[in-house]
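I opened this structure to look up a few things and keep notes on them. The entries below are in the order in which I looked.

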Amino acid sequence: MPGAVAPVRDALSAAEDALRAAGCDTPRLDAELLIAHAMGVGRERLFIDADGGLQPAASRRAMELVRRRVAREPVAYILGKKGFRHIDLHVDRRVLIPRPETELLVELALSLPSGARVHDVGTGSGAVALALKHERPDLVVSASDASSDAVEVARANAAALGLDVRVSAAVGLPAGEFDMVLANLPYVREDEWRSLAPEITRYEPREALLSGEDGLDAIRALVAQAPAGTLLALEHAPARAADVRGLLRDAQTHLDLAGRERVTVGRVP
Ligand SMILES: C[S@@+](CC[C@H](N)C(=O)[O-])C[C@H]1O[C@@H](n2cnc3c(N)ncnc32)[C@H](O)[C@@H]1O
């Protein structure tokens, strides 16, 4: 029937069922986020308007978004954004979706003295560097990535957020003097790849995740390249914490919110 409107409540249930059948972990939440996005409203509006109608144009948009999610595209890529600490970042398939455990890297730099120079290696969307600059505008924050696509995304995020963070293209650590270097470099082992969720293997950039046979190639290369004495904070797989401590002097490992050994801080020997 032209112009017919389906109740929002029914559209939500149908989307939730489709997403559950497709194997999505959080089908209700995803359905709410996608339908709210298709309607151009905040998620809270869905509960107020649950008995209201979903207009045909919004319904078509919602169906397309749900179809993408059924193919296991991550919600963050479909919406084009991801929250990280207190900022929203644009994300797309050129960059890794920032993970909550990476917020620990930002926290570890918050106690630096005013004016300290901090560099984020492998910045991706710019998440770590931009969240840090947002919370500590008195620090001098810079960032780099080996991927020119990522550099573009991070620069666009810095501009959109009005944050003064210089982003450059570089493999490993660019030349410069830094009081602390933060890095969430790739750390997935090659043999782990096939066991990862389809959201990751089908959509996220492989080069942002994979790091050789034991998952330590990128971290080892950074430690080998950085000048002796450089203070590094390295995110890593919990199972690799002891190996990473072994690469550094005065190393200390910090736990993420789930209690796993996630970031090791120490100096380059
Ligand atoms: C795991 S992602 C992390 C992105 C971002 N830091 C975050 O936490 O959301 C790793 C990033 O490091 C970059 N990268 C990989 N190897 C690199 C290297 N040797 N030097 C610099 N960047 C590298 C990738 O392009 C990717 O953007």
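What follows are my notes, from the whole chain down to single residues.

**Entry 1: the whole chain**

I noted at the start that this is a predicted model. I counted elements and found 11 helices and 11 strands in the protein chain. I then looked up the extent of the C-alpha trace, which spans about 70 × 40 × 30 Å along its principal axes. Of the 269 residues in the protein chain, 39% are buried. I also looked at contacts with a separation of 6 or more, and 62% of them join residues 24 or more positions apart.

**Entry 2: domains**

I looked up the domain assignment, which gives domain 1 as 6-71 and domain 2 as 90-267. Taken over C-alpha atoms, the centres of domain 1 and domain 2 are 34 Å from each other.

Leu54 and Arg262 are 208 residues apart in sequence, and their C-alpha atoms are 44 Å apart in space.

**Entry 3: the sheet of seven strands**

I traced an open sheet of seven strands and wrote down its order as β7-β6-β5-β8-β9-β11-β10, with mixed pairing. Its edge strands are β7 (166-169) and β10 (249-255), each of which pairs on one side only. Ignoring direction, neighbouring strands of this sheet are turned by 20 degrees against each other on average.

Before going through the pairs I reminded myself of a general point: strands of a sheet pair through backbone hydrogen bonds, either parallel or antiparallel.

- β6 (140-145) pairs with β7 in the parallel sense over four bridges, and Ala143 has Val167 in β7 as its bridge partner.
- β5 and β8 run parallel and are joined by four bridges, with Asp120 opposite Leu182 in β8.
- β8 and β9 also run parallel, with three bridges between them; Leu182 stands opposite Ala233 in β9, and Ala183 stands opposite Leu234.
- β9 and β11 (261-267) pair in the antiparallel sense over five bridges, and the partner of Leu231 in β11 is Arg267.

**Entry 4: strand β9**

How many residues of β9 are buried? I found that five of its five residues are, over residues 231-235. I then sorted them by direction. Leu231, Ala233 and Glu235 point one way from β9, while Leu232 and Leu234 point the other way. Both groups are buried, Glu235 included.

**Entry 5: around the ligand**

I counted 25 residues surrounding the ligand. The closest are Gly122, Gly124, Ala146, Asn184 and Ala208. By type, the shell divides into 15 nonpolar, eight polar and two charged residues. Which helices supply at least two residues of this shell each? I wrote down α7 (127-135) and α10 (217-225).

**Entry 6: Leu54**

I went back to Leu54, which lies in strand β2 (53-54). Is Leu54 buried or exposed? Leu54 counts as buried because it has 22 C-beta neighbours inside 10 Å, and the cut-off for buried is 20 or more.

Leaving out residues up to four places away in sequence, Leu54 touches Val5, Ala6, Val8, Ala11, Met39, Ser59 and Ala62.

I kept a general rule in mind here: most residues other than glycine have a negative phi.

Arg72 is not a glycine, yet it has a positive phi of about 75 degrees. I located Arg72 in the loop between α4 (56-70) and α5 (75-79). Arg72 has 17 other C-beta atoms within 10 Å, so it is partly exposed.

Asp250 is not a glycine either, and its phi is positive at about 50 degrees. I found Asp250 in strand β10. Why does Asp250 count as exposed? The reason is that it has 10 C-beta neighbours inside 10 Å, and 12 or fewer counts as exposed.

Terms used. Residues are numbered from 1 along each chain as its sequence is written. This is a predicted model: local features need pLDDT of at least 70, side-chain atom pairs count only at pLDDT 80 or more; totals for chains, interfaces and linings use all residues. A residue is near a molecule or strand if its C-beta atom, placed from the backbone, lies within 6 Å of it. Ala, Val, Leu, Ile, Met, Phe, Trp, Tyr, Cys and Pro count as nonpolar, Asp, Glu, Lys and Arg as charged, and the others, Gly among them, as polar. Domain bounds come from an automatic or database domain assignment. Two strands pair if DSSP finds at least two bridges between them. Axes are lines fitted to C-alpha atoms, for helices over the stretch in contact, and angles run from 0 to 180 degrees between N-to-C directions. Two residues are in contact if their C-beta atoms, placed from the backbone, lie within 7 Å.
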